Amino acid sequence: MNPSSFADQWRQRLTAAGFVPLDADRLGELLSGLAEALAGGQGEAVGAALVEARLTDPAMLAATVEAIDAQFGDRELVAQVAAGYAQAIRAATMAGQEELNQAVLRALRASEARLRAVFDNAAIGIGVSAMDGRIVQVNHAFADLLGYTPEQMCRLLVPSLTHPEDPRDMWRMYQAVIEGDVDHVRMEKAYYRKDGGEIWTDLTVSLIRDDAGRPEFTIAMVQDITDRRRLKKRLEHQATHDPLTGLPNRTKIASDLDRIFREHKSVGLCYLDLDGFKRINDTLGHQVGDELLTAVAARLRESTSHVAGRMSGDEFVVLVEDPEDMSGLAQRILTELSRPYRIGKHRLRISASIGVVESPVAATSPQELMKAADLTLYAAKSDGRGRFLMYDPERDARQAARYALAAEMPDALDRREFTLVYQPLVSLEDRELRGVEALVRWDHPRLGRLSPDSFIPLAEETGVILALGRWVLEEACARAAEWAKTFPDRRVCMSVNMTVSQAHEPGLPADVDGILARTGLDPSLLVVELTESAVMDPGGTASLVALADRGIRIAIDDFGTGYSNLAYLRRLPVHMLKLAGPFVDGLRDGDKVDEHIVETIVRLAHAIGISVTAEAVETPSQEAALRRLGCDTGQGWLFSRPLTAEGVTELLRAP
Amino acid sequence: MGEDWVPAGVDMSRPSAARVYDYFLGGAHNFAVDRELAQQIEAMTPNIAETMRSNRVFLRRAVRFLVDQGIRQFLDIGSGIPTAGNVHEIALEAAADSKIVYVDVDPVAVEHSRAILVDTPNTAVVLADARDVDRILGEASKLLDFDRPVAVLLAGVLHFIPDGDDPAATVAEIRDAVPAGSYLLISHATADGQPAEVIEAQRLSGRTATEITLRPAAEIEAYFGGFELVEPGLVFIPRWRPDPQDPVDEHPERIGAYAGVAKK
């Protein structure tokens with residue numbers, strides 16, 4: 001058999017035996033060459049060549065042995081081929097394993113290099129520590145964050161990284177990780193930097209276990225949140241503090257109050273406001289006003305360790321947990337705030353009024369407490385300012401009733417529930433009718449007839465006085481005009497009371513002009529009665545002058561009850577004094593001092609052309625004394641109680 | 001992160017598909033864990049080694065065919081350990097100006113491939129998952145020109161992608177990235193005409209990095225959407241253009257795998 005047909009047979013045996021990683025042509029070429037080598041007795045080389053051609057399937061060797069044996073019948077040659085094959089396959093296998101090991105090592109190195117690169121270049125800080133607290137490895141980000149080199153950090157122990165603001169249970173949580181109870185903890189933690197600075201981080205600590213599941217390392221990952229936290233703190237502070245004074249604002253006070261209600265048994269609250277602060281703002285400017293508020297806030301902070309806050313404008317509060325001596329505290333605050341302030345070139349004094357409330361938390365709510373303090377403050381102000389008042393539930397109830405009444409007034413005006421009565425003023429010489437004083441009554445549908453004392457101060461506070469006053473004036477003027485028309489030869493003057501805020505109203509002269517025009521009343525028949533303080537208030541002077549210019553006369557009501565200063569009587573357009581009730585009352589018993597006072601007043605008044613009327617004249621002896629002392633007119637039950645308009649008309653009609 | 005970053009690490013304690021394949025091809029580039037699994041699979045499906053070899057033979061014939069069609073660029077995805085009869089040898093022998101990019105997810109296979117190819121110009125190895133088409137195309141385009149026809153080889157790899165990961169979408173992404181005149185080669189394991197123990201082998205394959213999903217012919221044929229299958233279409237591997245010298249295989253279904261080549 002020639003070599004090529006042997007090669008062909010050999011090829012067929014191989015192909016049938018198993019996997020041949022060569023195509024038929026290639027295999028044919030290879031085997032032709034090997035057949036010649038076999039003929040040359042190079043058995044070992046042939047065996048090696050088969051392996052080199054990757055005919056490494058054991059079936060390949062078997063098929064080859066069979067083919068050679070069949071062709072050559074030479075056992076030695078077969079043995080040489082087998083030995084060469086085995087040697088080559090051993091070498092190839094060792095080479096393959098070595099290549100594989102090298103590949104694995106390279107792959108591991110590449111993989112580790114990637115991990116190392118991630119570790120080193122990560123933007124977040126990563127640190128590994130052993131279970132005994134030694135820091136084993138940290139990356140640059142972590143070391144940079146704390147201002148160390150990684151080598152320096154690796155000489156530290158985890159517990160040395162403690163910080164006073166660490167969460168209270170942080171070490172307990174860390175212990176739980178070390179002991180394997182939890183696998184992760186996350187918290188916000190502060191660190192001191194090497195340079196003493198402070199940074200805040202978002203820290204996650206994870207436990208790494210060994211193959212047996214035992215805790216082996218912890219990995220800490222930190223992110224710098226210092227700026228974020230600072231911003232958050234600033235925003236929180238802005239949202240809860242007053243930018244001017246730096247005190248907690250209304251929002252913060254509300255949440256602090258809620259907290260006290262949750263955590264304490266009782267609560268105290270001082271609600272304070274500065275007396276006449278608006279005037280400082282108006283006269284010295286807002287700059288000075290703001291500086292004064294800042295100074296007040298500083299005093300509040302210094303005078304109490306309790307939470308002080310600014311509610312609005314010039315209103316402040318002090319919150320007290322489980323209070324012991326609220327009145328002592330309030331007094332201390334008043335004293336502290338009343339010391340003079342130096343604001344720029346100004347030296348200012350200002351007082352404060354304080355409403356003080358103290359209550360077990362179970363008995364009230366934050367809202368009720370605030371409301372009670374506010375009402376008490378209000379009462380302290382009404383009581384004359386520069387003082388504190390303790391909360392009084394009865395006063396509170398009265399106050400609430402007053403508020404309710406005040407709220408009803410505008411509607412009452414629309415429903416015409418107000419009426420006027422008129423009390424005559426008579427000449428003390430001959431009891432001749434000289435005029436009437438219009439007095440307003442409220443026919444309240446539920447409370448019955450109310451006298452002015454019970455609602456005029458309220459109307460003054462709420463501002464309804466302006467509408468009510470206009471109505472009173474128009475009604476009184478219309479009536480007076482009617483009487484003047486019906487009884488042209490009886491000059492009956494109409495006295496109408498006016499409050500301080502009416503006198504302050506810039507539109508008053510125009511209103512009066514309109515009323516006079518509509519009613520046709522002669523201005524010389526109109527008398528406007530004001531209290532001493534209203535007359536002296538500089539804000540109303542212009543209005544009074546304007547009224548006097550129109551021929552209207554001005555009377556000072558209740559003369560002698562205020563800080564009587566006779567000097568102003570010459571400067572202001574005053575035509576009439578009405579002696580206050582107490583002086584007249586004193587005349588009843590023939591009190592010599594009162595007689596002297598009345599006599600002096602009358603003489604002084606007459607000296608500057610002012611007439612005097614005595615109010616509340618009730619007995620003939622009073623009348624006699626007044627007449628003797630030179631008083632011009634009298635008013636009181638002795639002469640007549642207040643009358644309806646019809647009653648006055650009848651009086652006029654009588655001869 | 002570096003461009004070679006892949007999340008998969010090197011885990012020598014688990015068998016690798018690439019090394020198991022190497023074992024079946026008679027290579028020595030495998031560990032005991034790989035051989036252990038290979039032997040278990042072999043016990044279940046005695047034809048498995050033949051299937052693997054048959055796949056290798058098909059690849060050789062197909063690469064020759066593709067070179068004959070004028071293809072000079074090859075992208076072999078799931079290349080494994082390039083031992084006996086690998087693609088670059090066949091292609092470079094047939095046409096010296098051929099360019100070949102190997103892609104595998106096994107870092108060991110990739111390192112080994114790099115060692116083998118260190119002195120072979122116009123070849124490159126990419127560490128990537130077959131599903132990560134963006135990364136594959138990005139890396140491959142450093143060597144291959146995707147404006148010219150490319151043969152994309154998915155030999156014995158799509159069955160490692162479970163249905164949940166939508167292998168059809170992966171193939172479609174590749175199709176959209178290659179120009180007209182490009183070729184797609186797929187060989188894929190199937191249960192068609194297979195005994196029940198094949199299913200057990202499939203279950204065992206779960207111990208390698210990925211489980212094998214056997215698919216019927218129609219499903220595999222659908223992967224060629226947008227391509228036109230060349231003769232003889234999708235067939236059991238031994239039936240794909242066998243060498244005329246090879247004996248006719250009467251039972252090609254025992255191989256348990258389909259093969260097809262198609263042109264865009």
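This briefing walks through a predicted model with chains A and B, from overall confidence down to single residues.

The model scores ipTM 0.70 and pTM 0.49. Because it is predicted, local features need pLDDT of at least 70 and side-chain atom pairs count only at pLDDT 80 or more, while totals for chains, interfaces and linings use all residues. Residues are numbered from 1 along each chain as its sequence is written, and chains are lettered from A, with ligands numbered from 1, in the order in which they are written.

**Confidence in chain B**
- Chain B has a mean pLDDT of 84, and 88% of its residues reach 70 or more; pLDDT is the predictor's confidence in each residue, from 0 to 100.
- Take some care with residues 1-7 of chain B, where pLDDT stays under 50. For this stretch the model has 8 contacts beyond four places in sequence, a contact being two residues whose C-beta atoms, placed from the backbone, lie within 7 Å.

**Chains at a glance**
- Chain A comes to 26 helices and 21 strands, and chain B to 9 helices and 8 strands. Helices (H or I, at least four residues) and strands (E, at least two) are DSSP runs, numbered from the N terminus.
- Buried residues make up 34% of the 655 residues in chain A, and 52% of the 264 residues of chain B count as buried. A residue is buried if 20 or more other C-beta atoms lie within 10 Å of its own, exposed if 12 or fewer, and partly exposed in between, with C-beta atoms placed from the backbone.
- Taking contacts between residues at least 6 apart in sequence, 62% of those in chain A join residues at least 24 apart; for chain B the figure is 74%.

**Nonpolar cores**
- The largest nonpolar core has 80 residues, and V152(B), L153(B) and L185(B) have the most contacts inside it. Such a core is a set of buried Ala, Val, Leu, Ile, Met, Phe, Trp, Tyr and Cys residues joined through C-beta atoms within 7 Å.
- Helix α3 (residues 48-68) of chain B gives the most to this core, with 8 residues.
- Leaving aside residues up to four places away in sequence, L185(B) touches A62(B), A151(B), V152(B), L153(B), L154(B), A155(B) and V261(B).
- Another core lies apart from it, with 67 residues, including L468(A), M498(A), A555(A) and C631(A).
- As background, nonpolar side chains tend to be buried together in soluble globular proteins.

**Helices in chain A**
- Helix α4 (residues 58-72) of chain A has 15 residues and should span 21 Å at 1.5 Å a residue, which agrees with its end C-alpha atoms being 21 Å apart. The expected span is 1.5 Å times one less than the number of residues.
- In α4(A), the buried residues are M60(A), L61(A), A63(A), T64(A), A67(A) and I68(A). Seen down the axis, they fall within an arc of 165°, so they line one face of the helix; the arc is that of the directions from the helix axis to the C-beta atoms.
- Just after α4(A), G73(A) takes a positive phi of about 55°.
- F142(A) is found in helix α6 (residues 140-146) of chain A, and F142(A) is buried, with 24 other C-beta atoms within 10 Å.
- Beyond four places in sequence, F142(A) touches G125(A), I126(A), G127(A), M153(A) and V222(A).
- F142(A) and D224(A) are 82 residues apart along the chain, yet their C-alpha atoms are separated by 9.3 Å.

**Strand pairing in chain A**
- Strands β13 (residues 418-427) and β14 (residues 433-444) of chain A pair in the antiparallel sense over 9 bridges; pairing requires that DSSP finds at least two bridges between the strands.
- V426(A) has L433(A) in β14(A) as its bridge partner.
- β13(A) and β14(A) form a hairpin with 5 residues between them.
- β13(A) also pairs with strand β21 (residues 633-634) of chain A, in the antiparallel sense over 2 bridges, and there S427(A) has T633(A) as its bridge partner.

**Backbone geometry to check**
- Most residues other than glycine have a negative phi, and most peptide bonds are trans.
- R431(A), in the hairpin turn, is not a glycine but has a positive phi of about 60°. With 14 C-beta neighbours inside 10 Å, R431(A) counts as partly exposed.
- R54(A), also not a glycine, has a positive phi of about 65°. R54(A) sits in the loop between α3 (43-52) and α4 of chain A and is partly exposed, with 19 other C-beta atoms within 10 Å.
- A cis peptide bond, with omega about 0°, joins E231(B) and P232(B). P232(B) is found in the loop between β6 (228-229) and β7 (235-236) of chain B.
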